[in-house]
Amino acid sequence: SPMPPSCPPRAAMPVPAGPLSLLLALLSLLSPWGSARGGSCPPRCVCASNLLSCSQANLSAVPAPLPRFAAVLDLSHNNVTRLRADWAPARLPHLHALLLSHNGLAFVSTEAFAHVPRLRHLDLSSNRLRALDENLFSDLGELEVLLLYNNEISTVDRTAFENLGRLRKLYLGQNRIARFPLELLREGSRLPQLALLDLSANRLRAVPAGELQALPAWLRDRLYLHNNPLACDCPLFQLLDRGRRRHLSAVEDFQDELRCFLPGQSALTKILDLAGKQPLNCSKAREAVLEAHLGDTVTLGCDSRWQGARSRHWVTPGGERVLGDGGANGSVVLLANGSLQLRALRPEDGGTYSCWVAGPLLNETLYVELLVHNFTLHGPHDTLNTAYTTLVGCILSVVLVLIYLYLTPCRCCCCRGAEKPPAPRDDSINSSVLSTTPNHAGAAGEPCGSHAAPAGGAGQNGRFKGGGTPPPPARQGPKAQRKVSDPDSVSSVFSDTPIV
């Protein structure tokens, strides 16, 4: 019988090639390092998803090519001494963190960050940078954290941080900065969201304490100035003393490192130990004092160190809680930014106001003392205080008294004209003995003391006196005849109306 056809040798069960190839292709497409989409991982780097770690790889230049989807690039601890504009020849739209610390980096091109506009974290610390040039970081509009500590920076251009509207933390400690453009903080438009500025361990000799005190407390809470050769003065002491009383971390955590030089001394002194000590004899700062006048409108700021407080309210000196419109006439208003506005001030509005703030971690209570002067103040030309008006009143009173005493016209003693001829002798009692006031009609030019009792003699108090002294005989000559008055007569002494 015919032999059955031999069976082919049995081999391994073949697996359909279609599904496996499809699975491998799909995995390669999903992997960011597939050659079809993103390119391969750069040499001497470790890649995980969209993270590239090239740290401690002994690199002298940024590896190329870099995949477009890279989000974090770590090039720390290498020898990349220059960062040119072509280090990223293609745009890296997803890169948000670039780490270049410990590279000996001495040069950074002003166009080095043109291809990484979404960068939010930039670490250039522990390098050899000497200056921050004009518009160095102007292409990083979304940058939030910039680390530049432990470099050799001595010059900072005020436009180096232009367009950094979202920058929140700036670390410049351990450099050689002798002057930092603090006007960037004062203006508020250059770095509006800055919440931390580290200027510690530099070469700052003076800081504008008044301008720093005007900064919001949430920024002063993260303004680090320790380990600088500052010059001792009372405004600096009061600035830091307020920070200590408010428990600001930049002061409270570095009290021993906040030192300064006293005039004529080479040893450093703790700034917070200057209270009441020679040669400065600085007085301790008060929390907040505001002076105003009657009728003024003032705004009490709630200088809290907490940003984004959940709630806040004010308490008046009388214990009244102000949540919104605090008065029926709108005289006390809580503004949207948390400040309290007082309108048409009255004397009873003075006192200590407290602002209660509910922060993200802790609650905080701030106090503002309002002094209301008991007079109005409309301008420099209308300024009159109580002491000034009292002095003017006294001077006017003295002038009026002097005018009354020395410039009042006199009817008899101021002239020496011709004397009145003697009145004819009359023995009648009605010839001026009944009245102590003489008749001055027609007596112009009559000398003082010339009014004597006529002959016949009038008694005291108008009574007739029989034994009067007779007048002497008339004299002939240029002088007129004098009359002799009775020494016992009161009318000769009080003949004129007394001057009051």
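Let's start inside helix H5, where Arg244 and Asp241 both sit, three residues apart, or about one turn of the helix. Helices here are DSSP runs of H or I with at least four residues, strands are E runs of at least two, and both are numbered from the N terminus. These two side chains form a salt bridge, with the closest N and O atoms 3.0 Å apart. By salt bridge I mean a side-chain nitrogen of Lys or Arg within 4 Å of a carboxyl oxygen of Asp or Glu.

Before I go on, a word on what you're looking at. This is a predicted model, where local features need pLDDT of at least 70 and side-chain atom pairs count only at pLDDT 80 or more, while totals for chains, interfaces and linings use all residues. Residues are numbered from 1 along each chain as its sequence is written, and side-chain values use heavy atoms, leaving out hydrogens and water.

Back to our pair. Is Asp241 buried or exposed? Asp241 counts as buried, because its relative accessibility is 2%, whereas Arg244 is partly exposed at 23%. The cut-offs are under 20% relative accessible area for buried, over 50% for exposed, and partly exposed in between, with a 1.4 Å probe and protein chains only.

How many salt bridges does a search of the whole structure find? The search finds seven. One of them joins Arg118 to Glu142, with the closest N and O atoms 3.6 Å apart. This pair links distant parts of the chain, 24 residues apart: Arg118 is in the loop between strand S6 (107-108) and S7, and Glu142 is in the loop between strand S8 (131-132) and strand S9 (145-147). Both partners are partly exposed, Arg118 with a relative accessible area of 45% and Glu142 with 24%.

Another one is Glu348 with Arg346, again with closest N and O atoms 3.6 Å apart. Glu348 counts as exposed at 53% relative accessibility, and Arg346 as partly exposed at 43%. Salt bridges that share partners join Arg346, Glu348 and Asp349 into one network.

For the method: on a 1 Å grid over the protein atoms alone, a cavity is a set of points where a 1.4 Å probe fits but cannot get out, and lining residues have an atom within 4 Å of a point.

Which helix gives the most to the lining of the largest cavity? That's H5, with three residues. Helix H5 (234-245) and helix H6 (249-252) each supply at least two. Among the lining residues are Arg220, Leu239, Leu240, Gly243, Ala250 and Val251.

On to the strands. There is an open sheet of nine, in the order S1-S2-S3-S5-S7-S9-S11-S12-S13, with mixed pairing. Strand S1 (46-48) and strand S13 (223-224) stand at the edges with a single partner strand each, so one side of each has no neighbour in the sheet. Within that order, S5 (residues 97-99) and S7 (residues 121-123) pair in the parallel sense over three bridges, where pairing requires at least two DSSP bridges between the strands. Ala97 has His121 in S7 as its bridge partner.

S19 pairs antiparallel with strand S23 (residues 351-358) over five bridges; Arg312 is partnered by Val357, and Trp314 stands opposite Cys355. Cys355 also stands opposite Leu366 in S24, and S23 and strand S24 (residues 363-373) run antiparallel, joined by eight bridges. S19 also makes a hairpin with S20, with five residues between them, and Gly319 in the turn has a positive phi of about 90°.

Last stop, helix H7 (residues 386-406), which contains Leu405. Leu405 counts as exposed because its relative accessibility is 56%. Leu405 belongs to a nonpolar surface patch of about 1,300 Å², together with residues including Leu391, Ile395, Val398 and Tyr404. Patch residues have over 30% relative accessible area and no salt bridge; like charges are joined within 9 Å, and nonpolar side chains (Val, Leu, Ile, Met, Phe, Trp, Tyr) within 5 Å. The areas come from the Shrake-Rupley method with a 1.4 Å probe, and for residues only the protein chains shown count as cover.

How values were computed. 1 Å grid on protein atoms, 1.4 Å probe; cavity = no way out; pocket = protein on both sides within 12 Å on 5 of 7 lines; lining within 4 Å.
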